[in-house]
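Let's take a friendly walk through a protein model together. Please have a look at the sequence and the structure below before reading on.

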Amino acid sequence: MEQTAFDDPAYRAAAVDLLGVLAYGELTAFERMAEDAKLAPTLDDKAELAALATTEFGHFQRLRDRLVELGVDPMEAMRPFVTPLDAFHDHTAPSDWLEGLVKAYVGDGLANDFYREISSFVDAETRALVLEVFAESGQAEFVVDRVRAAIEEDPKLGGRLALWGRRLVGEALSQAQRIAADRDSLAALLAGSVDRPGLDLAAIGRMFTRLTEAHTARMTALGLQA
């Protein structure tokens, strides 16, 4: 019988952790967007955000199904990440509709970039699923359109939303670092092994440069200073 990466217990634990954190992230994204839809200023905005929430739930289902395929209980795989992710969302609860949009685009975008980076160290099937889940789903165009229109109408909003975006990136980076540090399997995945190269200090530096550049690009797209 042909061996796979999942025959290595350490690798299996890391892949399950990655799928678990992503699944819970998508489940909470669905929940937040559905809740934020209540704040929408127009019926059209409500419908647009509800549609995006539905997409996030579809992503959750794909990740959940992959865990089941691996013989893993999805609820058990997600459980270690409930406290840290819930804490992040508690610390970054938006005060209005626009802050909610910026959080969905900037905060979630940075976290998604981080997990895309980690996906470089997993098997091809898992990596393909991660990239599929984080492919553009129409969120970017919708958020950019609404935020830029609001700033054009009231330029003073730009300063407040820029500060909010900076706070989100700080919280998101801290959250990602905490999760990687708390879960030995994910830290080991990044560190690599004898037959699976990992990240050295220079590579980690380049990764964070890419994350920062992507964040700056998103802020610029919104018409905000990073």
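## About the model

This is a predicted model, in which local features need pLDDT of at least 70, side-chain atom pairs count only at pLDDT 80 or more, and totals for chains, interfaces and linings use all residues. Residues are numbered from 1 along each chain as its sequence is written, and side-chain values use heavy atoms, with hydrogens and water left out.

## Salt bridges

How many salt bridges does the structure hold? There are 15, where a salt bridge is a side-chain nitrogen of Lys or Arg within 4 Å of a carboxyl oxygen of Asp or Glu. One of them joins Asp 108 and Arg 32, with the closest N and O atoms 2.8 Å apart. This pair links distant parts of the chain, as Asp 108 sits in helix α5 and Arg 32 in helix α1 (residues 9–36), 76 residues apart. Helices here are DSSP runs of H or I with at least four residues, numbered from the N terminus. Asp 108 is buried at 11% relative accessible area, and Arg 32 is buried at 15%. For these labels, buried means under 20% relative accessible area, exposed over 50%, and partly exposed in between, using a 1.4 Å probe and protein chains only.

Arg 146 and Asp 45 form another salt bridge, with 2.4 Å between the closest N and O atoms. Arg 146 lies in helix α7 (residues 139–153) and Asp 45 in helix α2 (residues 43–69), so this pair ties together parts 101 residues apart in sequence. Arg 146 is buried at 18%, and Asp 45 is buried at 5%. Both belong to a network of salt bridges that also includes Asp 44 and Asp 145.

The side chains of Arg 218 and Asp 113 also meet in a salt bridge, at 2.9 Å from N to O. Here Arg 218 in helix α10 (residues 201–222) is linked with Asp 113 in helix α5, 105 residues apart. Arg 218 counts as buried at 15% relative accessibility, and Asp 113 is buried at 9%.

## Aromatic pairs

A pair of aromatic rings is described by the distance of the centres and the angle of the planes. Rings of Phe, Tyr and Trp (its six-membered ring) pair if their centres lie within 6.5 Å; planes under 30 degrees apart count as stacked, over 60 as edge-to-face and the rest as tilted. By this rule there are four aromatic pairs. Among them is the tilted pair of Phe 30 and Phe 57, at 5.0 Å centre to centre and 55° between the planes. Phe 30 is in helix α1 and Phe 57 in helix α2, 27 residues apart. Phe 30 counts as partly exposed at 29%, and Phe 57 counts as partly exposed at 28%.

What kind of pair do the rings of Trp 97 and Phe 142 form? Their centres are 6.4 Å apart and their planes at 75°, so the pair is edge-to-face. Trp 97 belongs to helix α5 and Phe 142 to helix α7, 45 residues apart. Trp 97 counts as buried at 11%, and Phe 142 is buried at 5%.

## Two single residues

Is Glu 99 buried or exposed? Glu 99, in helix α5 (residues 97–118), counts as buried because its relative accessibility is 8%. Not counting residues up to four places away in sequence, Glu 99 touches Pro 94, Arg 160, Leu 161 and Trp 164, where contact means heavy atoms within 4.5 Å.

Ala 124, found in helix α6 (residues 124–133), is exposed at 51%.

Terms used. Helix = DSSP H or I, 4+ residues; strand = E, 2+ residues; numbered from the N terminus.
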